[in-house]
Amino acid sequence: MGLCLCVRFDQQSDFMMSAYLTPLENYLPPEMIINILSYVDAKTLVNLRLVSHSWKHFIDNEVWKLKTSREKYRSLKSVDPKRKLPWFVYYLICVKDPFEKNLLKNHCGQEKLTHWDIISSGGDRWVVEDPPQGAEKLPESEEFGKLTSCFATSYHSCSKEQTIDLSSIGFGSKIMDELQPLIEVSEWYAGRFDCGCIYEMHAVLLNAERKPLHKFERRETVNQWEGRDWYKVSHTFQNYGPGVRFIQFFHGGMDTQFWAGHYGSKMSGACVKIVIPAEVSRGSSCESESESEEHCVTALP
């Protein structure tokens with residue numbers, strides 16, 4: 001196991017010393033060492049993995065799991081408590097707790113059009129309605145919380161998008177390429193009771209050059225007199241391969257009667273979440289030599 005450093009100064013010279021390295025397990029049982037290490041901060045714990053093979057084994061197989069079990073991390077809410085994850089996943093959870101979180105900002109229009117890149121704003125332009133006009137109130141769903149607002153489109157195309165930089169929020173190449181977490185995208189849409197409309201939603205996985213790797217598209221037409229109810233569109237990207245660095249979310253719509261005002265499609269609760277997959281490939285943890293180990297550490301946030 002690890003080493004205990006005992007230092008003795010030579011009485012004949014202030015600049016000379018001799019160090020005696022003693023195995024730490026000679027002093028403490030493994031259970032106590034694991035418990036002590038579980039209280040060490042995450043970034044220090046990553047460095048302690050490099051002390052010895054024994055420390056690396058105990059930290060990766062026991063310490064991280066014990067450490068994260070003491071807190072109610074959102075990232076672990078869908079993970080079996082008995083399951084052991086790769087160490088770098090535990091590290092990311094301790095530092096940022098980024099899984100199971102909506103990565104889109106202003107998803108219900110609670111901040112008007114802030115954080116959205118407007119592609120088109122035809123007719124009488126985008127508008128935020130609170131509550132939705134000519135439609136049912138928002139469903140009771142976790143995407144909304146206590147929010148009651150939605151975006152509404154007009155009689156010509158209204159569209160906008162957000163692009164999520166995964167590395168900026170902790171999902172670097174190590175996580176995306178080796179863990180291959182699920183990418184869940186969803187949104188609620190509705191029409192009005194008196195006017196037909198068109199709704200569109202696209203979700204695109206992009207590489208480092210922002211070129212598309214995978215894409216999901218949905219287009220719905222709501223007939224006149226058949227609107228007002230809310231429907232959910234959802235899709236899960238999985239087994240998408242290496243290289244995903246950005247996620248682009250696009251939505252938009254318009255009415256089909258060309259009526260002045262905001263009789264087009266409505267949307268709210270847009271959501272993009274990264275979720276820990278049910279299984280992790282065996283090669284996902286760094287178990288090779290020191291060069292690969294160093295790469296693992298430097299690739300983390």
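Author: The secondary structure of the protein chain comes to 6 helices and 12 strands. Helices (H or I, at least four residues) and strands (E, at least two) are DSSP runs, numbered from the N terminus. This is a predicted model, where local features need pLDDT of at least 70, side-chain atom pairs count only at pLDDT 80 or more, and totals for chains, interfaces and linings use all residues. Residues are numbered from 1 along each chain as its sequence is written, and side-chain values use heavy atoms, with hydrogens and water left out.

Reader: What share of the 301 residues in the protein chain is buried?

Author: Buried means under 20% relative accessible area, exposed over 50%, partly exposed in between (1.4 Å probe, protein chains only). Here buried residues make up 48% of the 301.

Reader: What part of the contacts with a separation of 6 or more comes from residues 24 or more positions apart?

Author: Contact means heavy atoms within 4.5 Å. Residues 24 or more positions apart account for 74% of those contacts in the protein chain.

Reader: Now helix packing. How do I describe a pair?

Author: Two packed helices are described by the angle between their axes and the distance between the axes. Axes are lines fitted to C-alpha atoms, for helices over the stretch in contact, and angles run from 0 to 180 degrees between N-to-C directions. Take helix H3 (residues 53–69) and helix H4 (residues 87–95): their angle is about 25 degrees, and their axes are 10 Å apart.

Reader: Which orientation class do H3 and H4 fall into?

Author: Angles under 35 degrees count as roughly parallel, over 145 as roughly antiparallel, 65 to 115 as roughly perpendicular and the rest as oblique. H3 and H4 are therefore roughly parallel to each other. Handedness is a separate label: a crossing is left-handed if the near helix is turned anticlockwise from the far one by less than a right angle, and right-handed if clockwise. H3 passes H4 in a left-handed crossing.

Reader: Which residues of H3 and H4 meet?

Author: H3 brings Asp60, Trp64, Lys65, Lys67 and Thr68; H4 brings Trp87, Tyr90, Tyr91 and Cys94. For classes, Ala, Val, Leu, Ile, Met, Phe, Trp, Tyr, Cys and Pro count as nonpolar, Asp, Glu, Lys and Arg as charged, and the others, Gly among them, as polar. The contact of H3 with H4 divides into 5 nonpolar, 1 polar and 3 charged residues.

Reader: How do H1 and H3 cross?

Author: The axes of helix H1 (residues 30–37) and H3 come within 9 Å and cross at roughly 60 degrees. H1 and H3 are therefore oblique to each other. Their crossing is right-handed. From H1 come Pro30, Ile34, Asn35 and Leu37; from H3 come Trp55, Phe58, Ile59, Glu62, Val63 and Leu66. The contact of H1 with H3 has 8 nonpolar, 1 polar and 1 charged residues.

Reader: Back to H4. How many of its residues are buried?

Author: In H4, 8 of 9 residues are buried, so to read H4 is to read a mostly covered helix. Among them are Val89, Leu92 and Ile93. Just after H4, Asp97 takes a positive phi of about 45 degrees.

Reader: And aromatic pairs?

Author: Rings of Phe, Tyr and Trp (its six-membered ring) pair if their centres lie within 6.5 Å; planes under 30 degrees apart count as stacked, over 60 as edge-to-face and the rest as tilted. By this rule the count comes to 10 aromatic pairs. In one of them, the rings of Trp87 and Phe88 have centres 6.1 Å apart and planes at 85 degrees, so the pair is edge-to-face. Trp87 has a relative accessible area of 2% and is buried. Phe88 is buried too, at 0%.

Reader: Where do Trp126 and Phe151 lie?

Author: The rings of Trp126 and Phe151 also pair edge-to-face, with centres 6.1 Å apart and planes at 80 degrees. Trp126 lies in the loop between strand S3 (117–121) and strand S4 (127–129), and Phe151 in strand S5 (residues 150–152), so the pair ties together parts that are 25 residues apart in sequence. Both Trp126 and Phe151 are buried. Trp116, Trp126, Phe151 and Phe249 form one aromatic cluster.

Reader: Which peptide bond is cis?

Author: A cis bond joins Asp130 and Pro131, with omega about 5 degrees. Pro131 sits in the loop between S4 and S5.
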